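Student: I have a model open and want to learn how to read it. Can we begin with how helices pack?

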Amino acid sequence: MKPVLGILLGEAAGIGPELVAGMCALKKFDDYCRPLIIGDVRVLRWGMKIAGVDFPVTMLEDTSKIEWDGSVNIFDLKNLNIETVALSTINAESGRATGEALLAALDFCKKGIINGFVYAPLNKASLKKGGFDFESEMNMMAHYLGWKDVYGEMNVINGLWTSRATSHIPFKEVPGKLTIVALLDAMRLAHSTLKKNGYHDPRIAVAALNPHAGESGSCGTEEIEVITPAINAAKAEGINVAGPFPADTIFISAFKGMYDAVTTLYHDQGQIALKLLKFHEGVTVSTGFPYPITTPAHGTAFDIAGQGIANIEPMEKAVMIASKMAEWDNTLT
């Protein structure tokens, strides 16, 4: 049977509700999974109104009574009066509701009610104002899971994946955080995540930090002291990895299909390249956790929220990836 995935409505002031509503109306979720919407039904109906769609909705308070009869199932959290939310605006109440939906989804995962979840874009500022003061939602999820193992974030567009050794930190902190362990962990996460997505022997390229890959130490020594030793350690573990390659040319080869993934060293090093490729088709995957968790990479799109023109394709791709990972996990049990 298809996996059961939680579907979260995301930031109510953004395009999340209309994305979920549009997917429901076209029965796109059903192509990949059995969806359980998690959030306030008033927000879902708000999304239906914006998207100009209608479909039957079943409100649940008991997840043991789910019937997959064609109606859209929603576990109604009853936690947000949509009338208090202004479109395209940072809102503490909406951020609180978004955070509560994430916690509910994590709880459902731990209880075996769902196999994983996909969340529509959320807003980090609203989330923080709502009482969830974390660097990112990924750090928040790790905290509430009590997760002590390695975790990270990957992005994928057009079948090309990126992982990174450092993430949401100021650029001036990158060299100090760039360690052999951090880089090795990023390569391991890339390898294991791609395996779960059907890659038999993922080909991973690693970016350099300095111009021209450090020019043999004359333009920085991180390539010699950190990056190459980490690559050698990954190779010793059987990971198919190469590099370090100059960051200004590595994606030329990757776009040609020479690699399945690129491990970058800081946030924008990979994000700029991928988003220039096809910004509106990207998916973010939270890696390392025991459950598949994905989201569209484009954000809440406050500039077009409420206009009913949001593109559902990234949301569909996020569902497709989460479903595939859930099916892979099920083969292990």
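Tutor: Helices here are DSSP runs of H or I, at least four residues, and strands are runs of E, at least two, numbered from the N terminus. The model is predicted: local features need pLDDT of at least 70, side-chain atom pairs count only at pLDDT 80 or more, and totals for chains, interfaces and linings use all residues. Residues are numbered from 1 along each chain as its sequence is written, and side-chain values use heavy atoms, with hydrogens and water left out.

Student: At what angle do the axes of helix α3 and helix α5 cross?

Tutor: Two packed helices are described by the angle between their axes and the distance between the axes. Here α3 (residues 92-110) and α5 (residues 137-145) cross at roughly 45 degrees, and their axes come within 11 Å. Axes are lines fitted to C-alpha atoms over the stretch in contact, with angles from 0 to 180 degrees between N-to-C directions. That makes α3 oblique to α5 (under 35 degrees is roughly parallel, over 145 roughly antiparallel, 65 to 115 roughly perpendicular, the rest oblique).

Student: Which residues make the contact?

Tutor: Contact means heavy atoms within 4.5 Å. Among them are Leu-102, Leu-103 and Leu-106 of α3, and Met-140, Met-141 and Tyr-144 of α5.

Student: Where is the cis peptide bond?

Tutor: It runs from Gly-243 to Pro-244, with omega near 0 degrees. Pro-244 lies in strand β9 (residues 241-245).
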